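Take a walk through this model with the viewer open.

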Amino acid sequence: MRMRVLTPLALIIGATLCGQAQASSDDSCYPAWSLVRDSLDVCNNLAFLNPGNDSRVNLRLLLADRKALELKPNALTEDELSEGYGPVPFAVARLDTAQIEGDESEESGAAALSGLLEKLGIKRDSTDSAGQAFLQGEGSRCRSNRDDSAAVFIGQLVDTPSLSDSERQSLARSRLQLLDGCTWDAAKQASLLPSDIQSAEGKAFVTYLQAASDFYSGRFNEAENGFASLNDNAQPWLKEVSLYMVARTRLNAAQQDAFDEYGTRKDTLDIAPYTQAGEAFDHYLTAYPQGTYALSAKGLMRRVHWLSGDTDKLADDYTWQMTQANDTQRNLPIDALIQETDNKLLMSMADATPSALITAVSDLMQMRKDAQSKLTREKLAAQKALFAEQPAMFDYLQAVYAFYVEQKPEEALKLLPKDLPDTLDYFAFSQHTLRALALEASNDLPGAQGLWLKLLPLATQPLQREQLELALAMNLERSGQLEKVFASDSPIQSAQVRLILLGKVAGAPLLRRQITQGISDTEKNTAQFVLLYKDLLHGQYAAFAEDFNALPEKSGEEKLGTSLGYVYGTGQTLQLFRWKGDKAESNYACPSIGETAVLLQANDKDPKGLNCLGEFIRRNGLDSMPLDQRPGSGQLGSSEPGFKGDVFSRLNGYQTVIADAKAGRDDKAYALFRAINCYGPSGYNSCGGKDVAQSVRKAWFKQLKTTYGSTSWGKSLQYYW
């Protein structure tokens, strides 16, 4: 199983936050072609609000309607294509638009610092800093001990005219020395601080350096006292930064015991220190609402609210940041804010908050079948006042509850609008998607089909059209109208949807038609492959011969992978059906697959024909062929297949030969040899068909070693399993 590589943002957020988000689990993803899902599946999200979506997806849909962000799905990656994905359903990563290739602040900070040092005539011995050892956003106080913060400090030295040149150089060298680490004992700290500063202004900068080194060393009482002593300093930057650092110091002191040994936030915390930290941040933001550190202070206030368990304030924080703030007012990109909201708030919410946005997303999570904290009808009804300005959202949440939790589609229909709007935002799209699903669940397939068709011309937002094509295709399949999916005027153009239906449910007439009328070469080749394969494996030998004759001699060079259900580059070409047979390493000679089919057409129990059909399957790796696997109930392609009867299995073929008294000596010996090997070496049947008991395999082994012991297969086989 392949593991999906984490994006830089995922790594950053993972390092920043403690605890596992409810949004994600396994990084391996494969599509599940269904529109109704009542449990979390991060690999299979849909473009409408529903409990099965990753909470980050539902949040993005709502934010897109508020114009807070544009929903711009990433192009399908090579991995996603090789896993069989089409546009919908989609893995959560497809909506993550953050592209973090490096830390721009680190690069700009290094450049700024270099320029300032050049002005002061100072040469830097090393370009490393202690803060570089941490990922962007990682929760360590040491991370801010980097070039950019040093550049700000030294920039203030350059701009303070009352300092002498020697004082500037001495203070700058001291700050550079502090970049090398983040923990110093008192003696080492004293050696790093300048001792030759005489001016009052210079001594204030020394006080700041001492407080900063105390802060990095974890001596928070000393650090707070040092910063507090500068709160009324005449130097503007020292006054501002000291107010900010008092608050930051209090927060770092408060959170020292906030996490257990696994990095998980403890449930029982003393609230008082967080209250004091919050007051200090409020003090700074009141004095400097547009200050240098205002964005950081607002971000750290979220941390105060999170660690103190103030869910209501935290929900307000995130709602303001995501829906009212602009990019210049956020301390994180909106992608990171969405991730943080999920990890720090949504995963632990059990009750409604004052934010209708956050509560709606949480409600959908709590309607999941596998939710730890489950929403009740009573809790939902109590939220009516919260959604007073959004009554349609309240009705929708009630309809979702009726449909997914209570499984009462008729009740859901009563709460959903019948009239279509002129345009479909994601909320309106969700309303009418749920309405169509409720109609289908109420056995009104024609009514749902009509609604899907009406929605198609209105679907202009990303992923809406693709989801509707999937929905309509599933409806037509279950309605017995598969031909309409492939009609010349069909609105269903999604390649993956069409290919799944060809591989799983199409009958021979439709496959023959699509060989010439498919919308792409892949569809045409897939139709021809499926037709020949199912003719052969379903015992339609006369049809196989006729369809095989229609196969051009030099056709079929395209490797068919996901169109047949294979993943990660595995696949077949139409040249498979040119298999020549001949002797294998087992010394059993077979004619071509075409000639084998002729033998079986004449006698479907022909020993040579059965053994050689088995050889065709074995030598070409067709055991457990994806085309033979039925999708689960409710998924695309799960209706009655167009080819009736059981699929041929090698084990059943071998058993038929073993039981045939007229079978030739070599044919029977080889059938025994292969039937026993179906269970080797694992002890589990790898050849399909119905399992046989070990006692039966033991009897086969004895028969092979005695009656047919002189054959090469009797001599070579040493075990049975």
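Is Asn443 buried or exposed? Asn443 is exposed, with a relative accessible area of 70%. Here buried means under 20% relative accessible area, exposed means over 50%, and partly exposed lies in between, with a 1.4 Å probe and protein chains only. This is a predicted model, where local features need pLDDT of at least 70, side-chain atom pairs count only at pLDDT 80 or more, and totals for chains, interfaces and linings use all residues. Residues are numbered from 1 along each chain as its sequence is written, and side-chain values use heavy atoms, leaving out hydrogens and water.

Stay with the backbone. Asn443 is not a glycine, yet its phi is positive, about 70 degrees. Asn443 sits in the loop between helix H19 (426–441) and helix H20 (445–455). Leu463 also has a positive phi, near 80 degrees, and is a residue other than glycine. Its place is the loop between H20 and helix H21 (464–478). Leu463 counts as buried, at 6% relative accessibility.

Two cis peptide bonds can be visited next. The bond from Val88 to Pro89 is cis, with omega near 0 degrees. Pro89 lies in the loop between helix H3 (78–82) and H4. A cis bond also joins Gly680 and Pro681, with omega about -5 degrees. Pro681 is in the loop between helix H30 (665–677) and helix H31 (694–706).

Now zoom out. The protein has 32 helices and 2 strands. Both are DSSP runs numbered from the N terminus: helices are H or I with at least four residues, strands are E with at least two. The radius of gyration is 35 Å, while a compact globule of 721 residues would have one near 27 Å. That radius is taken over C-alpha atoms, and the globule rule is 2.2 Å times the number of residues to the power 0.38. Along the principal axes, the C-alpha atoms fill a box of roughly 110 × 65 × 50 Å. Buried residues make up 52% of the 721 residues. Among contacts (heavy atoms within 4.5 Å) between residues at least 6 apart in sequence, 64% join residues at least 24 apart.

The cysteines come next. A disulfide is a covalent bond between the sulfur atoms of two cysteines. In this model a disulfide is a pair of cysteine sulfur atoms within 2.5 Å. The structure holds 4 disulfides. With the bonded cysteines numbered in sequence order, the pairing is 1-2, 3-4, 5-6, 7-8.

Cys142 and Cys182 form one of them, with sulfur atoms 1.9 Å apart. The link is right-handed, with 80 degrees about the S-S bond. Cys142 lies in the loop between helix H4 (104–120) and helix H5 (147–158), and Cys182 in the loop between helix H6 (165–178) and helix H7 (186–192), so the pair ties together parts 40 residues apart in sequence. Cys142 and Cys182 are buried.

Cys590 and Cys612 are joined at an S to S distance of 2.1 Å. The torsion about its S-S bond is about -90 degrees, so the link is left-handed. Both Cys590 and Cys612 are buried.

Cys678 and Cys687 are also linked, S to S 2.0 Å. With -105 degrees about the S-S bond, this link is left-handed. Cys678 and Cys687 are both buried.
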